[in-house]
Amino acid sequence: MRTTGDHDEAWYDEDAGPVARPYTVTRGRLTSDHGQLDLISLVVSRRAAPAAAQLFPEQARIIERCHRPLSVAEVAAELELPLGTVRVLLGDLLEAGLIETHEPPSLSGAPSRELLEALLDGLRTL
């Protein structure tokens, strides 16, 4: 950790980058009021982020990156944050009307044998 005396430098580690615990970003919350978002749910920004003082930097980064649809898993990977933390941040952004999510289609039953065989053949060619 750098220690040249600058107050802000105590929150920065050369190797790890900014040091902020995930529970700090979520204000100690572990879940969102919007339920558990699926890993493959798509997230899209609805409008530009409001003034930086109103959002955590991580939330502003979500809005920036989601001008094109990204899955919840991709958002977590790009922000390098735990999935649970990202789900809480996304729930806050949903509540504020800054993003929208699109849930994956649910399967009304098991996939057909033909589909599974085609998938297996495709994986074997990789």
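This is a predicted model: local features need pLDDT of at least 70, side-chain atom pairs count only at pLDDT 80 or more; totals for chains, interfaces and linings use all residues.

Modeller: E78 belongs to helix α3, while R68 sits in the loop between α2 and β4 (70-71), ten residues away.

Biologist: What makes R65, R68 and E78 one network?

Modeller: Their salt bridges share partners. E78 also meets the side chain of R65, at 3.1 Å from N to O. R65 lies in helix α2 and E78 in helix α3, so this pair ties together parts that are 13 residues apart in sequence.

Biologist: Why are R65 and E78 described as partly exposed?

Modeller: The label covers values between the 20% limit for buried and the 50% limit for exposed. R65 has 30% relative accessibility and therefore counts as partly exposed. E78, at 33%, is likewise partly exposed.

Biologist: How many salt bridges does the whole structure hold, and which one involves E100?

Modeller: The search finds five. One of them joins the side chains of E100 and R46, at 3.5 Å from N to O. This pair links distant parts of the chain: E100 is in strand β5 (residues 99-102) and R46 in the loop between β3 (42-45) and α2, 54 residues apart. E100 counts as partly exposed because its relative accessibility is 30%.

Biologist: What else does R46 touch, leaving aside residues up to four places away in sequence?

Modeller: Besides E100, R46 touches G97, L98 and I99.

Biologist: What makes a group of residues the largest nonpolar core, and which members touch the most others?

Modeller: Members must be buried nonpolar residues joined through side-chain atoms within 4.5 Å. This core has 19 residues, of which I62, V75, L90, L93 and I99 touch the most other members. Helices α2 (57-65), α3 (72-79) and α4 (83-95) each supply at least two residues, and α4 gives the most, with five. Not counting residues up to four places away in sequence, I62 touches S45, V75, L79, L89, L90 and L93. In soluble globular proteins, nonpolar side chains tend to be buried together.

Biologist: How do you know that α4 is mostly covered?

Modeller: Ten of the 13 residues of α4 are buried, among them T85, V86, R87 and D92 as well as L89, L90 and L93. For the chain as a whole, buried residues make up 29% of the 126 residues.

Biologist: How does the length of α4 compare with what is expected?

Modeller: From its first C-alpha to its last, α4 reaches 18 Å, close to the 18 Å expected at 1.5 Å a residue. The helix is followed by G97, whose phi is positive, near 75°.

Biologist: Which residues make the nonpolar surface patch, and why does L123 count as exposed?

Modeller: L116, L119, L123 and L126 make a patch of about 460 Å². L123, found in helix α5 (residues 113-125), has 51% relative accessibility and therefore counts as exposed, the limit being over 50%. The chain exposes about 8800 Å², and carbon and sulfur atoms supply 55% of it.

Biologist: In what order do the elements run?

Modeller: The chain has five helices and five strands, and from the N terminus on they run β-β-α-β-α-β-α-α-β-α. Of the contacts with a separation of 6 or more, 64% join residues 24 or more positions apart.

Methods
Residues are numbered from 1 along each chain as its sequence is written. Side-chain values use heavy atoms; hydrogens and water are left out. Buried means under 20% relative accessible area, exposed over 50%, partly exposed in between (1.4 Å probe, protein chains only). Helices (H or I, at least four residues) and strands (E, at least two) are DSSP runs, numbered from the N terminus. Contact means heavy atoms within 4.5 Å. Accessible areas come from the Shrake-Rupley method with a 1.4 Å probe; for residues, only the protein chains shown count as cover. The expected span of a helix is 1.5 Å times one less than its number of residues. Patches are made of residues with over 30% relative accessible area and no salt bridge: like charges are joined within 9 Å, nonpolar side chains (Val, Leu, Ile, Met, Phe, Trp, Tyr) within 5 Å. A salt bridge is a side-chain nitrogen of Lys or Arg within 4 Å of a carboxyl oxygen of Asp or Glu.
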